[in-house]
Amino acid sequence: MIWGLPGQLVMVELASTGKGVVAAVFACSLANARFLPMVVSFLPQIANRSFTLVQLIIYAQLLSINSWAMCQRQFPTIEPAHRLFYYLVFATSILLAAAAGTLIGYHAAVALPNALVLGLIFSSPLFFALVLSSTARNAHRLALLLGCLMVPGLHAIFPSIDLLIAGAIGGSVAYCLRKRVERE
Amino acid sequence: MSSATLWGVVVGSIAATFVWRLIGAFTVKFLREDHALFEWISCVSYAMLGALILRMLFLPESDLASLSLGVRATAVGIAFIAYYAFRQSLLAGMIGGAASLSILAAIQ
């Protein structure tokens, strides 16, 4: 339901250190703010204004980085009429897998060797890195790269809004240069 | 922390995350379709996710922080080599990366 790992981590960290409900909730919200541009950039690919608001909200709620990244990668090879179906099946499948994984992982984490657990934790960001870096658009690759380059410095200065700033600046620069990089 | 407070945090976080998706759905429903705007927002999304992934891999707040930067960077490198060596196979990249990290973590 919270559906975003960084937000969950921040929420758990602040809640467990007694920083208060408001601080934990606000930090979680900031960490998960990326869902706004993700939803806005993704929904037009599977729906449009003729859909009801309830439908759009449901499709938005199902979105995660996994489904966003995978669909961005696969949609060019899928007919537009089939993209919504693909997304719904994919998103629901991974939601069920996530629920099952949470249950299994909660119990298995204490039984598995630490090295294996670390490999499993690592697989999530690794999946994002592999899928997103394989985007066909040079402008998107540039945006990815700029976000990566900017965040270490931003994280040191603005730890709670570093993603937002990196996104806004990196994305805007990539957008301005999009025609130049696509020609290459 | 009391049970009630914990529930408050969880429910609050659900709402605080949902609000972004709600605004997003409203935007698509009521904004006139403007390709330039959506293209810009796509770029912003990729930049934000690039920042997030770099943070998760190289500035981790999870248990991955117990591993050195060199170990994590090596595993990421092996993952990408396997990914491209097997013609952009996600399975090869995932197995290569996760397995190399586990092995490096075990011998560290």
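Predicted model: local features only at pLDDT ≥ 70, side-chain atom pairs only at ≥ 80, totals over all residues.
**Ground rules**

I number residues from 1 along each chain as its sequence is written, and chains are lettered from A, ligands numbered from 1, in the order in which they are written. Local features need pLDDT of at least 70 and side-chain atom pairs count only at pLDDT 80 or more, while totals for chains, interfaces and linings use all residues; side-chain values use heavy atoms, with hydrogens and water left out.

**Entry 1: chain A on its own**

I looked up the secondary structure first. Chain A has ten helices and zero strands. Helices here are DSSP runs of H or I with at least four residues, strands are runs of E with at least two, and both are numbered from the N terminus.

I then checked the dimensions: the C-alpha trace of chain A spans about 50 × 40 × 35 Å along its principal axes. Of its 184 residues, 48% count as buried. For that label, buried means under 20% relative accessible area, exposed means over 50%, and partly exposed lies in between (1.4 Å probe, protein chains only).

Chain A exposes about 9,000 Å², and carbon and sulfur atoms supply 71% of that. Accessible areas come from the Shrake-Rupley method with a 1.4 Å probe; for residues, only the protein chains shown count as cover.

I also looked at contacts (heavy atoms within 4.5 Å). Among those in chain A between residues at least 6 apart in sequence, 61% join residues at least 24 apart.

**Entry 2: where B meets A**

Together they bury about 6,800 Å², 78% of it on carbon and sulfur atoms. Buried area is the accessible area (1.4 Å probe) that two parts lose on being put together, summed over both.

I counted polar contacts next and got 16 residue pairs between chain B and chain A, both residues at pLDDT 80 or more. A polar contact is a pair of N or O atoms within 3.5 Å; within protein, one must be able to donate a hydrogen and the other to accept it, and residues adjacent in sequence count only if both atoms are side-chain atoms.

**Entry 3: salt bridges**

My rule was a side-chain nitrogen of Lys or Arg within 4 Å of a carboxyl oxygen of Asp or Glu.

I started inside chain A: A:R137 pairs with A:E182, the closest N and O atoms being 3.3 Å apart. A:R137 sits in the loop between α7 (114-133) and α8 (138-157), and A:E182 in helix α10 (residues 178-183), 45 residues apart. A:R137 is partly exposed at 30% relative accessibility, and A:E182 is partly exposed at 32%.

A:R137 also forms a salt bridge with B:E39, with 3.1 Å between the closest N and O atoms. B:E39 lies in helix α2 of chain B and is buried, at 16%. I noted that A:R137, A:E182 and B:E39 are linked in a network of salt bridges.

Last, B:R55 and A:D162 form a salt bridge, the closest N and O atoms being 2.9 Å apart. This pair runs from helix α2 of chain B to helix α9 (residues 162-176) of chain A. Buried or exposed? B:R55 is buried at 9%, and A:D162 is buried at 0%.
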